[in-house]
Amino acid sequence: MSTVAGSEVLLDVRSLVKHFPITKGFIIQRQVGAVKAVDGVSLTIRRGETLGLVGESGCGKTTLGRVILRLMEPTSGEAYFEGRNIFKLTKEDLRRLRRDMQIIFQDPYSSLNPRMTVGDIIGEPLEIHNLAHGKEKVRRVQELLEVVGLSPYHMNRYPHEFSGGQRQRIGIARALAVNPKLIICDEPVSALDVSIQAQVLNLLEELQKEFGLTYLFIAHDLSVVKHISDRIAVMYLGRIVEVAVADELFANPQHPYTEALLSAVPIPHPGLRRERIILPGDVPSPVNPPSGCRFHTRCLYAQDSCRVNDPELVDYWGNSHFVACPILPFKHQRSKAAVLGQAARPERT
């Protein structure tokens, strides 16, 4: 399944699976189950774009990003970066590939070594990949600090001397050090104050324009994702359930899960409100996900066929708006219109 047409694809993920085995026994361990964190994900990212990946906590977003980087080994599936299968590379080839693929971690506190100075943290990738040493490394580190909005003299300080927003800028500088083509942003602003979030998001956009970067932006805040993303993929219980251009997804969500997520996004106006969709039940366990459509246990439109049929992403309208919903043509359009963005209306007095 390809969700990008007419442009150069940088990353192509095909049927990616990552299961974590559950074992039992002290001496002789045997597998009694598996946590199906990522279970058959296919997506594409074109060069220079930002693909937002959203979903509830525990749906597999972070695991997907780390498997793509091979920080975790996949259970099965393929991922092609510039035509090369990431999972079949040798250690030496993978090491060279890491120059092109970097990550910005969620927690700006635990992701930086407290025993290393900022200069050592940013300069370490330069030495590992033999890109700069000595005075040239110092010059490059100072340059990177200025690029992310910090001062060159900060290179001699330690992480505990900085605020959360400044630490995340250091993490961004570290990711930029090796001139990557793809950066996986693993909820890079979720631990920051709202005002600082805007600064970091604007910085990421400026860096993308300046260096031609490609982002996989993982987040759970849809308003943040809309601000920075070209396209958005919605993930539920290890699967992608909808992919579309950001404006199209917000204006015309098709999957019931996407509708529910968007109904929870606040409207920045005190006199307007949106009718909230409250999904019944809880998120099923990834150890034993439901048969058929994984969302059918909480879906307001579920039919008997949903319990049997395992839907695939389909572009029903030919506009690169993919949705995995087997009952899409039969959904109650009036109910849908009542819970979308256009349902926002003045608060009753």
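## Cysteines, salt bridges and fold of a predicted chain

Going through the whole structure turns up zero disulfides, a disulfide being a pair of cysteine sulfur atoms within 2.5 Å. Take Cys 59: the nearest cysteine sulfur belongs to Cys 293 and sits 15 Å away. Cys 59 counts as buried, because its relative accessibility is 4%; buried means under 20% relative accessible area, exposed over 50%, and partly exposed in between, with a 1.4 Å probe and protein chains only. Cys 306 is in no disulfide either, with the sulfur of Cys 293 its nearest at 5.9 Å. At 3% relative accessibility, Cys 306 is buried.

Some ground rules: this is a predicted model, where local features need pLDDT of at least 70 and side-chain atom pairs count only at pLDDT 80 or more, while totals for chains, interfaces and linings use all residues. Residues are numbered from 1 along each chain as its sequence is written, and side-chain values use heavy atoms, with hydrogens and water left out.

**The overall fold**

The protein chain has 10 helices and 14 strands; these are DSSP runs numbered from the N terminus, helices (H or I) of at least four residues and strands (E) of at least two. Its radius of gyration is 22 Å, close to the 20 Å that the globule rule gives for 349 residues, so the chain is as compact as a globular protein of that length. That radius is taken over C-alpha atoms, and the rule is 2.2 Å times the number of residues to the power 0.38. Along the principal axes, the C-alpha trace spans about 65 × 60 × 45 Å.

Of the 349 residues, 49% are buried. Among contacts (heavy atoms within 4.5 Å) with a separation of 6 or more, 65% are between residues 24 or more positions apart. The chain exposes about 16700 Å², and carbon and sulfur atoms supply 50% of that; accessible areas come from the Shrake-Rupley method with a 1.4 Å probe, and for residues only the protein chains shown count as cover.

Helix H9 (residues 256-263) is worth a look. Seven of its eight residues are buried, so H9 is largely enclosed by the rest of the structure. The buried ones are Pro 256, Tyr 257, Thr 258, Glu 259, Ala 260, Leu 262 and Ser 263.

**Salt bridges**

Side chains of opposite charge can pair when their charged atoms come close. How many salt bridges does the whole structure hold? The search finds 18, counting a side-chain nitrogen of Lys or Arg within 4 Å of a carboxyl oxygen of Asp or Glu. Here are three of them:

| Pair | N to O distance |
|---|---|
| Arg 231 and Glu 49 | 2.7 Å |
| Lys 181 and Glu 82 | 2.9 Å |
| Arg 140 and Glu 143 | 2.5 Å |

Start with the salt bridge between Arg 231 and Glu 49. This pair ties together distant parts of the chain, 182 residues apart: Arg 231 is in strand E9 (residues 231-236), and Glu 49 is in the loop between E2 and strand E3 (50-54). Both Arg 231 and Glu 49 are buried.

Next comes the salt bridge between Lys 181 and Glu 82. It also links distant parts of the chain, this time 99 residues apart, with Lys 181 in the loop between helix H5 (164-176) and strand E7 (182-186) and Glu 82 in the loop between strand E4 (76-81) and strand E5 (84-85). Lys 181 is partly exposed at 29% relative accessibility, and Glu 82 is partly exposed at 31%. These two belong to a network of salt bridges that links Glu 8, Arg 47, Glu 82 and Lys 181.

Arg 140 and Glu 143 both lie in helix H4 (residues 134-147), three residues apart, or about one turn of the helix. Arg 140 counts as buried at 14% relative accessibility, whereas Glu 143 is partly exposed at 32%.

**A nonpolar patch**

Phe 26, Ile 27 and Ile 28 make a nonpolar surface patch of about 510 Å². Patches are made of residues with over 30% relative accessible area and no salt bridge; like charges are joined within 9 Å, and nonpolar side chains (Val, Leu, Ile, Met, Phe, Trp, Tyr) within 5 Å. Ile 27 sits in the loop between strand E1 (9-24) and strand E2 (30-46) and counts as exposed, given its relative accessibility of 83%.

Most residues other than glycine have a negative phi. Ser 15, in strand E1, has a positive phi near 50 degrees and is partly exposed, with a relative accessible area of 46%. Arg 70 has a positive phi of about 60 degrees. That residue is in the loop between helix H1 (61-68) and E4, and at 16% relative accessibility Arg 70 counts as buried.
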